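Here is a short briefing on two spots in one structure. Keep the view open while you read.

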Amino acid sequence: MGTSQDTSSHWRRLLKLDEPLPKDFEKHLAGFGSSLRPRIHGYLGKVAKRDFGLKGIGIENLPDRAPFIIASNHSSSLDFPAIYLSLPKELRKDVVVMYTSFFDRIFPIKMAIKALIDSFSVELDGNFWQALSMAARVLKYGKIVYIAPEGQRSWDGKLLPFKVGVGALSVETGIPVVPAYVKGAHEALPRGTVIPKKHPISVSFGKLIDPSSFAEKKSERPAYEVYRDFTQILRKEIVGLSR
Amino acid sequence: MSDIEKEIKGLVSKVVKIPEDKIDPNADLFKDLGVDSLLGVEIFAALDNKYHIDIPEQKLIKIKTLNDIIAIAKEQIK
């Protein structure tokens, strides 16, 4: 294999990190009804507390401001809403969610997403570079991106191996990751079900993982291996939060 | 297999850490051999370092087998 510095430049090119952002980038992310969102989120937060006793733990570990990545375990469609509603209100406005373009074809779902949160859709089948480069650009734009490094919802609630993409994203953008563990969402709404059961849900946020020391290692080792090491540390942190 | 094909096979084997004799040129590297799809970048970076070829993203996302890599690399080397 050639020098690791060279491989890193290939990753950056695929993540489109050195390309300027399009002029209408913000418009691309924005949904509608943003003035109503705090009220809707406030209502959803109350429902989450009433039905699931939603509790955020380790809120003090969250940075005061964007950009950063939140990475968590993923075993339920309630994972992201639970994380989002656990965030302080002043951070919520900076969260941008990535969703499968399949939902763009289901008009009511697309409208619901756009009404609730800033978002972008990506083809998740096949061209994962589109998803990664879009996430990189959203981070570069100064937003908060949620990532489930398992790449899919776990069927039995157990943590799956992590994909290396989150490591590439953090190390190449220089933007840190907040590890998070969602407990109870799998019991409330496991994969394969559509009606949630009342079950306590909590979200634990861990200490920020700074990618800068990993970026330095790229001069010694292939970039992929550095991203993989970063991802393994992230996984270890999330396992630690689950205990 | 020509010399350049053998060379590319050796290079891919080194990047994906699978012995050359275990790589069936028509096997799906990612589905059959369990290679992480993101390692495709390292394969193309290694090809670039060796042959100074610049493989576009559209081609990178299409590779599945060693033969795909060989075909794309040979096309660019020309």
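In what sense do strand E2 (residues 68-72) of chain A and E5(A) pair, and over how many bridges? E2(A) and E5(A) pair in the parallel sense, over 4 bridges. This is a predicted model: local features need pLDDT of at least 70, side-chain atom pairs count only at pLDDT 80 or more, and totals for chains, interfaces and linings use all residues. Residues are numbered from 1 along each chain as its sequence is written, and chains are lettered from A and ligands numbered from 1 in the order in which they are written.

**Strand E5 of chain A**
- Strands (E, at least two residues) and helices (H or I, at least four) are DSSP runs, numbered from the N terminus.
- Two strands pair if DSSP finds at least two bridges between them.
- A:Ala71 has A:Ile147 as its bridge partner in E5(A).
- Strand E3 (residues 95-100) of chain A also pairs with E5(A) in the parallel sense, over 2 bridges.
- There, A:Val95 is bridged to A:Ile144.
- E5(A) (residues 144-147) is covered on both faces.
- A:Ile144 and A:Tyr146 on one side, and A:Val145 and A:Ile147 on the other, are all buried (20 or more other C-beta atoms within 10 Å of a residue's own, with C-beta atoms placed from the backbone).

**Helix pair in chain B**
- H1(B) (residues 3-16) and H2(B) (residues 39-51) pack at an angle of about 135°, with axes 10 Å apart.
- B:Leu11, B:Val12, B:Val15 and B:Val16 in H1(B) meet residues of H2(B), including B:Glu42 and B:Lys50 (C-beta atoms, placed from the backbone, within 7 Å).

Conventions. Axes are lines fitted to C-alpha atoms, for helices over the stretch in contact, and angles run from 0 to 180 degrees between N-to-C directions. Two residues are in contact if their C-beta atoms, placed from the backbone, lie within 7 Å. A residue is buried if 20 or more other C-beta atoms lie within 10 Å of its own, exposed if 12 or fewer, and partly exposed in between; C-beta atoms are placed from the backbone.
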